[in-house]
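Here are some notes to read alongside the model. Please keep the sequence and the coordinates open while going through the points.

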Amino acid sequence: MTAARLRAVFTAAVAAGLACNSTPRPPTSGTPTPGDGKGLPPGTPAFSAPVCTHEQLLLGLDTAHTNARFEHVILRETTLRATDTGPKPQQSQSLATAGLACQTADNKQACAYKLASAVSTTSLFPAPDPNLARYLVLQHDANVKTVATRAQLLTLLGAIDTPGEARLLAATLGIQPLCAEDSVRAIDGGFQVIGKRPQSTCINQFEGVLIDVVRGQTSVSSTVDLTDPTQGCMASGRRPEGFAGPRRQPGDPLGAWLGQMQELEAASVPAFERLARELEGHGAPDSLVARARAAADDEVRHAAAFAGLRARHGAPPCEPAALPDLAAVRPLERLAVENAVEGCVRETYGALVARYQAEVADDPALRRLFAAIAEDETRHAELAWDVHTWLEGQIDAAARERVATARAAGVRELGAAVVADATDPELARRSGLPTGPVAELLFDRCAAGLWAA
């Protein structure tokens, strides 16, 4: 994919979008209820509480209630490499820890070595990538062991008799438990945990989940659609692995949207920094590494710009989001899959949307901002396609086919999100967000001109 072709597709798509937008559409009726728990069926819990951090989940392990003693626990993530004999561990990192390590061990150096060497290729908690394993490592005196299966966790916990233990067990289903005082309630035989999970298509939209934890068994008892149509569908930008999506921000629709854009731009910084580090580690051309680092600097400026607009809009400052530690260098195929989906699909479409917003946003400050951002994001999309070309030459035919399959799935998910979008008309007018036929037209032009190639 050449830069000239990408820019030509963008120019034609924006022109077609402007022509399509010349006839105003009537406002959408029957808008669903925003997903903050208000207006939901009687008895449905509110889902506005914060998601538990990794550290808060580990606090659910209390030695006063577990079957085994321990003084230190690690939530560890290990990158796996596929081999003919099964997955092999590569790099590992600690996502969270609790307690002090090796305090009671006679030989602290030997204890520290055991802790660093304790790895598993089995995942206790679902990870955002199949080549990751997330599990617990426990240490007591000189003893170190991993807890990497539900059976091992149940053996450790014994009877599930605390809300923290119920949250921890619910997390093994891939649910993000909420951490308010009333986010776990007692039911007959156990607990009901309130959680949420991001939608696969729109990273700022969620599904609420109620998980019953009864006698060590977990099951999803019900789900609630938390889609907030006033927030639109944020499907653009390069997201770092493990990023759960922007949080719901206070304020009117425009102020809340500006806050979420600020968080998305800030989340792209570590994503590009990691891309640069991994490209360098895999021996990519220096020019690609330098462009990835420059993209990270761009995203810092973008986040600051959205923060400034949000402040001028009168909305309170956003609290910085906790972002995942992205230290590990991943295998080439895994990097290629992420770049194909996050860069060649999502970031490419996001760059096109920014160019359209620069033309039609009713708010003059936003028009100026998107005029600047659109050029940066177009260069980021060009980088993604150049990285894609280089990576294709580094992996075998079977891996290239898997990358193509992942990209096609990403295109389908994005297309479904564009069709289902119901952005608040006033937000769309002020921000220039494309909706309805215009959004579908922009997507179709990308699909035909870029993704079908």
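Predicted model: local features only at pLDDT ≥ 70, side-chain atom pairs only at ≥ 80, totals over all residues.

1. Four strands form an open sheet in the order S2-S1-S3-S4, and the pairing is antiparallel. The edges are taken by S2 (88-99) and S4 (143-147). Each of these has a single partner strand, so one side of each lacks a neighbour in the sheet. On average, neighbouring strands are turned by 25° against each other, direction ignored.

2. The S1–S3 pair. S1 (residues 72-81) and S3 (residues 132-140) run antiparallel and are joined over 8 bridges. For a reference point, take leucine 75: its bridge partner in S3 is leucine 136.

3. Helices on the sheet. Which strands does helix H3 lie across? H3 (residues 108-117) lies across S1, S3 and S4, and runs at about 45° to S1. H4 also packs on the sheet, where it touches S3 and S4. The direction of H4 makes about 125° with that of S4.

4. The H4–H5 packing. Two packed helices are described by the angle between their axes and the distance between those axes. For H4 (residues 150-157) and H5 (residues 163-171), the axes come within 11 Å and cross at roughly 175°. An angle over 145 degrees counts as roughly antiparallel, and H4 and H5 are therefore roughly antiparallel to each other. H4 contributes Arg150, Leu153, Leu154 and Leu157 to the contact, and H5 contributes Glu165, Leu168 and Leu169. By type, these residues divide into 5 nonpolar, no polar and 2 charged.

5. Strand S8 (residues 206-214) is mostly covered, with 8 of its 9 residues buried. S8 runs antiparallel to S9 (residues 217-225), and 8 bridges join the two. Leucine 210 stands opposite serine 222 in S9. The hairpin has 2 residues between the strands, and arginine 215 takes a positive phi near 50° there.

6. Aspartate 212. This residue sits in strand S8. Is aspartate 212 buried or exposed? Its relative accessibility is 18%. Buried means under 20%, so aspartate 212 counts as buried. What does the side chain of aspartate 212 meet in a polar contact? The partner is the side chain of glutamine 192, at 2.9 Å. Beyond four places in sequence, aspartate 212 is in contact with residues including Ile187, Phe191 and Gln192, and also Gln217, Thr218, Ser219 and Ser221. Isoleucine 194 is 18 residues away along the chain, and its C-alpha atom is 9.0 Å from that of aspartate 212.

Note on methods:
Residues numbered from 1 in each chain as written. Heavy atoms only, no water. Buried < 20%, exposed > 50% of the residue type's maximum accessible area, 1.4 Å probe, protein only. Pairing = 2+ DSSP bridges. Axes fitted to C-alpha atoms, helices over the stretch in contact; angles between N-to-C directions. Parallel < 35°, antiparallel > 145°, perpendicular 65-115°, else oblique. Contact = heavy atoms within 4.5 Å. Nonpolar A, V, L, I, M, F, W, Y, C, P; charged D, E, K, R; others polar. Polar contact = N/O pair within 3.5 Å; in protein donor to acceptor, adjacent residues only side chain to side chain.
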